[in-house]
Amino acid sequence: MQREARLIQGNQAIAEGAIYAGARFYAGYPITPSSEIAEECSRIMPGVGGMYIQMEDEIASIAAVVGASLAGAKAFTATSGPGFSLMQENLGLAVMGEVPCVVINVQRSGPSTGLATKPAQSDVMQVRWGRHGDQSIIALSPSSVKECFTLTVQAFNLAERFRVPVILAADEIVAHMRESFTAPAPGELEVVDRKKPACPPGQYKPFEAGEDGVAPLAAYGSRYVFHVSSSMHGPDGYSNNSPANAAWRVAQLHRKIETHRDEIVMTRSYYTGDGCDVLLVAFGAVTRAARAAALEARKRGVKAGVLQLITLWPFPDLEVAVLGENARTVVVPEMNYAGQVAGEVRKALGPGKDIRRVNKFNGQIITPKDILEAVM
Amino acid sequence: MSHATGVKYLKDGVLPHMWCPGCGAGTVLGAMLRAFEELDFKNEETVVVTGIGCWGKADDYLVTNALHTTHGRALAFATGIKAFNPRLNVVVLMGDGDSVTIGGNHFIHAARRNIDLTAIVVNNMNYGMTGGQVSGTTPAGKITSTTVYGNPEREFDICALADAAGANYVARGTACHGWELQNSIKEALTKKGFSLVEAISPCPTHFGRNNNLKPALEMIRWLKEKAVPVEQYDPLAHPKEEGYFPFGRLVDRNAPDFNTRYEEIRARAARS
């Protein structure tokens with residue numbers, strides 16, 4: 001990786017971030033606006049001892065990623081809305097089997113083929129709830145080329161740490177935007193590897209959670225022999241249909257995320273040091289418009305600030321509550337119709353709060369002017 | 001001389017198995033485990049990947065590494081395992097629903113890619129686990145719980161499909177020819193590249209009962225009569241329309257497998 005400043009695209013930064021994090025396996029199916037990630041990986045992977053494999057569809061792509069991860073790889077795939085929908089069932093297996101993996105979802109406008117090359121932020125709920133059954137995942141959202149790199153590294157770290165799929169919910173704007181970027185030196189960013197078993201091989205139980213709620217994960221081909229199942233299973237990985245076991249396991253899949261919330265939830269605030277009357281809650285590319293809108297509002301005498309949601313799931317409800325509590329008005333600009341994040345903000349702040357939504361769902365970016373109209 | 005039993009790959013206390021009396025899945029499992037033993041497969045170096053269905057439950061009985069996956073996608077999970085660690089023996093167990101109905105796309109592409117996996121498909125010509133519904137291999141005209149007036153669609157020939165898609169090795173066996181099946185599985189496991197063994201199996205509970213082949217013994221007699229060793233198979237004497245089919249080794253090629261090809265790509269990347 002070149003260390004001098006370069007003008008690169010978000011998608012390229014994502015591919016380079018994955019390599020930096022130690023990813024050595026990419027399986028995917030090309031789809032706009034994520035395809036540059038596949039192209040970069042096909043170029044980089046064979047040269048670093050890794051593998052790029054183009055699968056027959058997105059269902060197979062996430063399946064191959066899960067398989068490679070269980071063979072010991074840090075593995076990932078990249079897609080957009082239609083492909084992300086196809087991945088949901090096998091992502092559920094990654095949740096159930098507690099298989100670390102990363103999925104980049106470069107969001108585009110829908111529904112269906114929609115405006116295939118245009119940006120959107122309408123997969124927030126699909127990211128969280130797209131799979132059937134009770135389950136919990138982690139999702140991050142970058143707002144710049146630099147964050148495309150750093151949050152991809154974070155996504156791998158969290159996936160490895162918690163044995164859970166992590167979704168990087170990018171959008172077409174950050175993915176195709178070019179910014180000056182200098183790659184961090186090796187060691188500059190923390191890189192986390194999954195916890196491996198240390199017990200004698202005969203005693204290894206792949207789903208027996210330790211004190212931190214996360215079981216060590218061996219690799220196929222190591223001296224540890226183990227079972228992983230999409231079906232309800234006991235600590236040894238074999239089928240177990242007892243109600244007590246099922247209740248414990250479903251709760252555990254949630255608990256391991258919930259009890260480590262503070263390690264996972266990341267936000268950043270801008271212009272909130274002096275307290276703000278108007279709080280803009282934004283994520284992804286729209287954060288940039290929100291920051292410009294807040295600065296403009298301040299010029300016009302309104303004390304506005306921005307809370308950027310870097311982690312989307314688990315939702316930063318406490319962070320929203322702390323900053324939103326003292327604000328007169330909270331504005332949530334997002335590129336979807338229903339106000340998918342605004343609903344969560346409402347949950348965090350209660351029914352009495354003045355919450356204004358700014359929604360755009362025509363394939364165009366939300367501008368600072370769009371937001372200012374709701375602020376002023 | 002002692003013969004392989006395959007028992008060392010069975011989990012303690014799991015027998016008797018869950019499959020219906022007269023079902024062939026147990027026979028196929030036995031043939032596979034004896035083949036494992038004859039080839040001296042180590043649990044640490046072996047991953048059995050299963051789909052969903054009666055045969056997809058087979059991993060419950062095994063002490064090798066295993067991954068029990070989603071319906072139809074076993075080959076795609078297995079592809080990731082084998083692609084990342086080519087030293088592993090990766091064996092994929094699927095039914096006719098998994099392999100060529102819901103999972104048909106993965107089946108043809110695994111064969112085209114010639115990834116070094118062995119697929120063992122138990123074809124019982126219907127969806128046994130969910131109550132005997134029609135599958136992509138149910139013969140035309142046959143009765144199932146969702147084709148009560150007869151199947152209006154034609155059936156896939158799984159072996160011909162694998163052949164056309166580029167598999168290096170294709171064999172057909174039946175659950176009534178255990179010794180031959182075991183040898184086919186052994187050949188498939190030692191063949192580099194994508195290998196397929198189709199094992200035709202009775203489903204007396206559903207397919208047989210619905211198609212005038214009960215009791216279970218009738219289906220076994222039917223299979224014994226209709227299955228002809230490929231060396232003796234003559235399409236004129238054994239018309240397909242009357243249900244005859246050849247069994248044994250049908251395809252044997254040596255095209256380079258995916259991982260071998262990818263090593264060439266890595267070498268090219270290193271030079272560029």
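Reader: What share of the 376 residues of chain A count as buried?
Author: This is a predicted model: local features need pLDDT of at least 70, side-chain atom pairs count only at pLDDT 80 or more, and totals for chains, interfaces and linings use all residues. Residues are numbered from 1 along each chain as its sequence is written; chains are lettered from A and ligands numbered from 1 in the order in which they are written. Buried takes 20 or more other C-beta atoms (placed from the backbone) within 10 Å of a residue's own, exposed 12 or fewer, partly exposed in between. In chain A the buried share is 56%.

Reader: How many helices and strands does chain A have?
Author: Helices (H or I, at least four residues) and strands (E, at least two) are DSSP runs, numbered from the N terminus. The C-alpha trace of chain A spans about 70 × 45 × 40 Å along its principal axes. Its secondary structure comes to 13 helices and 15 strands.

Reader: And how many helices and strands are in chain B?
Author: The C-alpha atoms of chain B fill a box of roughly 65 × 40 × 40 Å along the principal axes. Of its 272 residues, 52% count as buried. Chain B has nine helices and eight strands.

Reader: Which element supplies the largest share of the side of chain A that touches chain B?
Author: Contact requires C-beta atoms, placed from the backbone, within 7 Å. By that test 36 residues of chain A meet 34 residues of chain B. At least two residues each come from strand 2 (25–28), strand 3 (51–54), helix 3 (58–70), helix 4 (81–96) and strand 9 (227–229) of chain A. The largest share, nine residues, comes from helix 3 of chain A.

Reader: How do the residues on that side of chain A, which touches chain B, divide by class?
Author: Ala, Val, Leu, Ile, Met, Phe, Trp, Tyr, Cys and Pro count as nonpolar, Asp, Glu, Lys and Arg as charged, the others, Gly among them, as polar. The side of chain A that touches chain B divides into 22 nonpolar, 10 polar and four charged residues.

Reader: How is helix 3 of chain A oriented to helix 2 of chain B?
Author: Helix 3 of chain A packs on helix 2 (residues 74–84) of chain B with axes 6 Å apart, at an angle of about 45 degrees. Under 35 degrees is roughly parallel, over 145 roughly antiparallel, 65 to 115 roughly perpendicular, the rest oblique. So helix 3 of chain A lies to helix 2 of chain B in an orientation that is oblique.

Reader: How many nonpolar residues are in the contact of helix 3 of chain A with helix 2 of chain B?
Author: Helix 3 of chain A contributes residues including Ile59(A), Ala63(A), Val66(A) and Leu70(A). Helix 2 of chain B answers with residues including Phe77(B), Ile81(B) and Phe84(B). Three residues of this contact are polar and no residue is charged; the nonpolar count is 14.

Reader: At what angle do helix 10 and helix 13 of chain A cross?
Author: Helix 10 (residues 286–299) and helix 13 (residues 368–375) of chain A meet through residues including Ala293(A) and Leu372(A). Their contact has nine nonpolar, no polar and one charged residues. Their axes come within 8 Å and cross at roughly 50 degrees.

Reader: Is Ala199(B) buried or exposed?
Author: Ala199(B) is found in strand 6 (residues 195–200) of chain B. With 28 other C-beta atoms within 10 Å, Ala199(B) is buried.

Definitions and conventions:
Axes are lines fitted to C-alpha atoms, for helices over the stretch in contact, and angles run from 0 to 180 degrees between N-to-C directions. Two residues are in contact if their C-beta atoms, placed from the backbone, lie within 7 Å.
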